[in-house]
Amino acid sequence: MGAQEDARRLACLTTLGHRLPDLSTTEDAFEETVRAVCGLGLGAAVSLIDGDMAEMVALELPQEGSPISPSIATRLLRLKLPIDGIESLRVPVRLRRPYFGSPRVVETLRSVVTDPRLARELPSAVDDMDTVTVPVTASDRVVAVLIAFGDELSPDVVPTLEAAAAVLASLWVRPAEPG
C-alpha cells in the first residue's frame with residue numbers, strides 16, 4: 001500500500017467522521033457514506049437489513065469499469081433481496097464478518113425482480129467482479145451492509161470499510177437529544 005492509497009483511505013474516513021454527525025437524515029448519511037467510499041476509486045452501496053431481507057438504499061457506480069449501467073443501478077435501489085440467497089450478503093449478516101469475492105447475486109436478482117426487462121438486462125459479468133461486503137453492527141445486531149466493488153478493489157480495503165461501517169453504525173446508537 002502506497003502513501004497515495006493511504007491518503008485516500010484516511011480522507012474517506014475523515015470525511016465520514018466530520019460529515020455524518022451533522023446530517024439530519026439517515027438517507028443523507030447512506031449517500032455520504034457511499035460517496036466517501038467512491039473516493040477510493042470504487043463503487044459502493046449500502047443495504048439495510050430487515051429480518052431475512054436486504055434493501056439497497058444507496059448506490060454509486062465506480063467512475064470506470066462497472067458492468068452495471070446507471071439505468072440498471074437506479075432500478076436496483078429499494079429492491080428487497082433474500083439475504084440467504086446471496087453469499088456476499090449472507091456472510092456479513094449471518095457470520096458477522098467481511099466477505100471478499102464474487103457477489104453471487106445475478107441468479108437471485110433474476111429470480112426476484114418483477115420487471116422482465118431488468119431481469120434480461122442484468123449482466124452476468126456482475127458475478128465476475130470482486131466485491132467486499134462488511135457488516136454495519138449496532139446494539140449487537142447487523143443493521144446494514146456496506147458494499148464496495150470495482151476494478152481497484154483489493155482485500156487491503158477491508159479495514160477501511162470496517163472503520164467506515166463503524167462510523168455509519170453510530171446512526172443507530174446516537175444518544176437521545178436532551179429536551
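**A buried serine and its surroundings**

A: Setting aside residues up to four places away in sequence, Ser 88 touches Tyr 99, Ser 102, Pro 103 and Thr 133, where contact means heavy atoms within 4.5 Å. This is a predicted model, in which local features need pLDDT of at least 70, side-chain atom pairs count only at pLDDT 80 or more, and totals for chains, interfaces and linings use all residues. Residues are numbered from 1 along each chain as its sequence is written, and side-chain values use heavy atoms, with hydrogens and water left out.

Q: Is Ser 88 buried or exposed, and in which element is its place?
A: Buried means under 20% relative accessible area, exposed over 50%, and partly exposed in between, computed with a 1.4 Å probe on protein chains only. Ser 88 has a relative accessible area of 5%, so it is buried. Its place is in helix 4; helices (H or I, at least four residues) and strands (E, at least two) are DSSP runs, numbered from the N terminus.

Q: Which residues of helix 4 are buried, and what covers them?
A: In helix 4 the buried residues are Ser 88, Leu 89, Val 91, Pro 92 and Val 93. Their cover includes strand 1, strand 2, strand 4 (99–101), strand 5 and strand 6. Arg 96 follows helix 4, and its phi is positive, near 55 degrees.

Q: What span does helix 2 reach, and which of its residues are buried?
A: The expected span of a helix is 1.5 Å times one less than its number of residues. Helix 2 (residues 26–38) has 13 residues and reaches 18 Å from its first C-alpha to its last, close to the 18 Å expected. Its buried residues are Ala 29, Phe 30, Glu 32, Thr 33, Val 34, Ala 36, Val 37 and Cys 38. Helix 1 (3–19), strand 1, strand 2, strand 6 and helix 7 (158–169) are included in what covers them.

Q: Where is Leu 42 found, and with which residues is it in contact?
A: Leu 42 has its place in the loop between helix 2 and strand 1. It counts as buried because its relative accessible area is 3%. Apart from neighbours within four places in sequence, Leu 42 is in contact with Val 37, Pro 62, Ala 148, Phe 149, Glu 152, Leu 153 and Val 157. Leu 42 and Glu 64 are 22 residues apart in sequence, and their C-alpha atoms are 8.7 Å apart in space.

Q: How many cavities does the model contain, and what lines them?
A: On a 1 Å grid over the protein atoms alone, a cavity is a set of points where a 1.4 Å probe fits but cannot get out; lining residues have an atom within 4 Å of a point. Grid points are joined across faces, edges and corners, and a volume is the space filled by probe spheres set on the points. By this rule there are two cavities of 30 Å³ or more. The largest cavity holds about 320 Å³ of space; of its 23 lining residues, the closest to its centre are Met 56, Pro 103, Val 105, Leu 109 and Ile 147. Strand 2 gives the most to this lining, with four residues.

The second largest cavity holds about 40 Å³. Its lining consists of Glu 5, Arg 9, Leu 40, Leu 42, Glu 152, Leu 153, Ser 154 and Val 157.

Q: What volume does the largest pocket have, and which residues line it?
A: A pocket is an open set of points with protein on both sides within 12 Å along at least five of seven lines. The largest pocket has a volume of about 160 Å³. Cys 38, Gly 41, Leu 42, Glu 60, Leu 61, Pro 62, Gln 63, Glu 64, Asp 151 and Glu 152 line it.
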